[in-house]
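Hi everyone, thanks for coming.

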Amino acid sequence: MHTLTTTSSFLLTLFLSLHLTTSLPSNDTGNLSNCNQNFSCGILTNVTYPFTGGLRPSHCGPPEFGLTCEDESVTILKANSLSYRVNILDQTSQTLRLSRSDLYDDGKCTRQFTNTTLDDRIFSLGSSNELFLFYGCKKINDSGMGSDPLLKISRFSCENDGVTEEGFFSIVYPYGTEYSFPNTFECQTNIRVPIPETRAQQLLENGSLVGEVLKEGFDVSYGNPYSANCTECYKKHPGEYCGFDTQLGKPICICHDQLCPGKQKSLVFMSLFVQRLLGYA
């Protein structure tokens with residue numbers, strides 16, 4: 001019994017020392033299946049790595065690329081507390097066209113007063129301008145600027161708990177604001193949303209298009225920050241799959257629904273062996 005306990009302690013110490021240099025994958029390493037499946041929803045079909053969702057479990061890609069399918073036709077990507085409809089997904093050019101779900105149906109009106117922000121380590125905006133939407137503005141009608149032609153174009157109203165609130169939009173270009181209105185309007189809040197730069201001038205000419213522009217969405221390019229790890233995985237194990245350990249925040253290499261042979265796998269087996277050995281001690 002003493003010899004077994006000593007051996008167990010030695011193996012545990014050895015395992016812990018290895019663990020300090022290489023973290024163990026926290027996924028269920030015996031069930032890493034279905035990364036050969038594709039995600040399909042409505043007009044979007046055959047979507048693969050780095051995206052997950054549908055038949056593709058979370059261990060098949062980084063969490064920033066998780067997709068869900070609503071009503072069997074609408075693909076949703078969630079980022080920074082907001083939901084976005086994925087209108088276009090081109091895996092060849094690695095681009096998405098996204099529109100905010102809260103602004104898709106109701107146009108310019110929303111109760112989610114959060115700026116449109118994406119993780120710039122992964123997503124980068126295409127050619128776009130910023131559209132500011134101002135809500136709960138109390139003194140537009142009292143202001144001398146209330147009859148300003150551009151303000152008339154950009155004004156809108158939203159119903160909030162049975163009360164009609166006034167608002168307006170303003171477009172910001174890379175070199176500055178095309179037209180802005182004074183703070184004397186006492187607006188309660190505002191949000192910022194990217195729009196294609198080709199649509200900015202159209203809005204300045206016809207403000208009624210704002211709902212259509214928001215529904216159309218904006219373009220972003222995406223990149224996988226773990227692509228080097230995946231390249232190494234594919235090089236060592238052709239035909240297998242790159243996955244992701246969400247708890248440790250690290251990519252994993254998957255072979256035949258299990259961790260591929262190598263350091264990551266040997267540590268898992270050592271962990272299981274030590275646990276069983278200690279259970280018998």
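Let me begin with a question: which residues does L98 touch, not counting residues up to four places away in sequence? Keep in mind that we are looking at a predicted model. If you click on L98, you will find it touching L77, Y84, R85, V86, N87, L118, G217, F218 and V220.

The largest nonpolar core has 21 residues, and L98 is listed with L89, L96 and F123 as having the most contacts inside it. Two or more residues of this core come from each of strand 1 (39-41), strand 2 (44-47), strand 4 (74-79), strand 5 (82-90), strand 6 (95-100) and strand 13 (218-222). The biggest giver is strand 5, with four residues. There is also a second, separate core, made of 20 residues, and among them are L131, F156, V193 and V210. As background for anyone new to this, nonpolar side chains tend to be buried together in soluble globular proteins.

Now let us step back and look at the whole chain. It has seven helices and 16 strands. Of its 281 residues, 43% count as buried. The accessible surface comes to about 15100 Å², and carbon and sulfur atoms account for 50% of that. If we take contacts between residues at least 6 apart in sequence, 63% of them join residues at least 24 apart.

Next, the charged pairs. In general, side chains of opposite charge can pair when their charged atoms come close. How many salt bridges does the structure hold? The count is nine, and I will walk you through a few.

R155 counts as partly exposed at 24%, and E166 counts as partly exposed at 23%.

Are the two partners buried or exposed? E216 is partly exposed, at 26% relative accessibility, while R199 is buried, at 9%. Salt bridges can also share partners, and in this model that joins E64, D119 and R121 into one network.

Let us stay with helix 4 for a moment. Its buried residues are R199, A200, L203 and L204. Why do they count as being on the same side of helix 4? They cover an arc of only 145° around the axis, and that puts them on one side. The general idea is that an α-helix has 3.6 residues a turn, so residues three or four places apart point the same way. On the face turned away from the buried side of helix 4, you will see the exposed residues T198 and E205.

My last stop is strand 15 (residues 250-255). This strand is mostly covered, with five of its six residues buried. On one hand, strand 15 is joined by five bridges to strand 14 (residues 241-245), and the two run antiparallel. Look for G243, which stands opposite I252 in strand 15. Four residues lie between these strands in their hairpin, where G249 takes a positive phi near 70°.

On the other hand, strand 15 is joined by two bridges to strand 16 (residues 258-259), again antiparallel. I254 stands opposite L259 there. This hairpin has two residues between its strands, and H256 in the turn has a positive phi of about 55°.

That is my tour, and I am happy to take questions.

Conventions. Residues are numbered from 1 along each chain as its sequence is written. This is a predicted model: local features need pLDDT of at least 70, side-chain atom pairs count only at pLDDT 80 or more; totals for chains, interfaces and linings use all residues. Side-chain values use heavy atoms; hydrogens and water are left out. A nonpolar core is a set of buried Ala, Val, Leu, Ile, Met, Phe, Trp, Tyr and Cys residues joined through side-chain atoms within 4.5 Å. Buried means under 20% relative accessible area, exposed over 50%, partly exposed in between (1.4 Å probe, protein chains only). Contact means heavy atoms within 4.5 Å. A salt bridge is a side-chain nitrogen of Lys or Arg within 4 Å of a carboxyl oxygen of Asp or Glu. Accessible areas come from the Shrake-Rupley method with a 1.4 Å probe; for residues, only the protein chains shown count as cover. Two strands pair if DSSP finds at least two bridges between them. The arc is that of the directions from the helix axis to the C-beta atoms.
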